[in-house]
Amino acid sequence: CAGDEAFYQEMLQMFHDQRAEKEAELNSLYETANWTEYGIKAHALKSTSLTIGAETLSGKAKELELAGKRADEEFIRENHQVLLQMYAEVCESLAGL
């Protein structure tokens, strides 16, 4: 955020506030087994997570993005809940900011 603390705080708040919507999108795509679109949404989460410094979450989202691209249903099914739990933990850590 180029050293702009106010902008960084705004980014953190936006990341936190968008969780329900982004999680619902991922769940919907997971439930319909739309792996291509799931990979695209995971890509977006990867990028925004990295922007705020949530590198571990970003890495897991990248794994799921790539799994979506190759339609690796087994990997996605094994890791979807892990991703959502990590996402929740990051957002919960931001709640008090």
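Glu-63 and Lys-60 share helix α4 and stand three residues apart, about one turn of the helix. (Helices are DSSP runs of H or I with at least four residues, numbered from the N terminus.) Their side chains meet in a salt bridge, 2.9 Å from N to O; the term requires a side-chain nitrogen of Lys or Arg within 4 Å of a carboxyl oxygen of Asp or Glu. Glu-63 is partly exposed at a relative accessible area of 36%, whereas Lys-60 is buried at 15%. Here buried means under 20% relative accessible area, exposed over 50%, and partly exposed in between, with a 1.4 Å probe and protein chains only.

This is a predicted model, in which local features need pLDDT of at least 70 and side-chain atom pairs count only at pLDDT 80 or more, while totals for chains, interfaces and linings use all residues. Residues are numbered from 1 along each chain as its sequence is written, and side-chain values use heavy atoms, with hydrogens and water left out. The predictor's confidence in each residue, pLDDT, runs from 0 to 100; the chain averages 94, and 98% of the residues score at least 70. Within the chain, confidence is lowest in α1, with a mean of 91, and highest in helix α4 (residues 55-69), at 98.

The structure holds seven salt bridges. One of them joins Glu-73 to Arg-77 (2.8 Å, N to O), and both residues lie in helix α5, four residues apart. Arg-77 also has its charged end over the ring of Tyr-30, 4.9 Å from the ring centre. For this label, NZ of Lys or CZ of Arg must be within 6 Å of the ring centre and within 35 degrees of the ring normal. Arg-70 likewise takes part in both kinds of contact: a salt bridge with Asp-72, whose closest N and O atoms are 3.4 Å apart, and a charged end over the ring of Phe-75.

Three aromatic pairs are present as well. The ring centres of Phe-15 and Tyr-87 are 5.5 Å apart with planes at 65°, so this pair is edge-to-face. (Rings of Phe, Tyr and Trp, the last by its six-membered ring, pair if their centres lie within 6.5 Å; planes under 30 degrees apart count as stacked, over 60 as edge-to-face and the rest as tilted.) Because Phe-15 lies in helix α1 and Tyr-87 in helix α5, the pair ties together parts 72 residues apart in sequence. Both Phe-15 and Tyr-87 are buried. Elsewhere, ring pairs link Tyr-30, Trp-35 and Tyr-38 into a cluster.

Note on methods:
Helix = DSSP H or I, 4+ residues; strand = E, 2+ residues; numbered from the N terminus.
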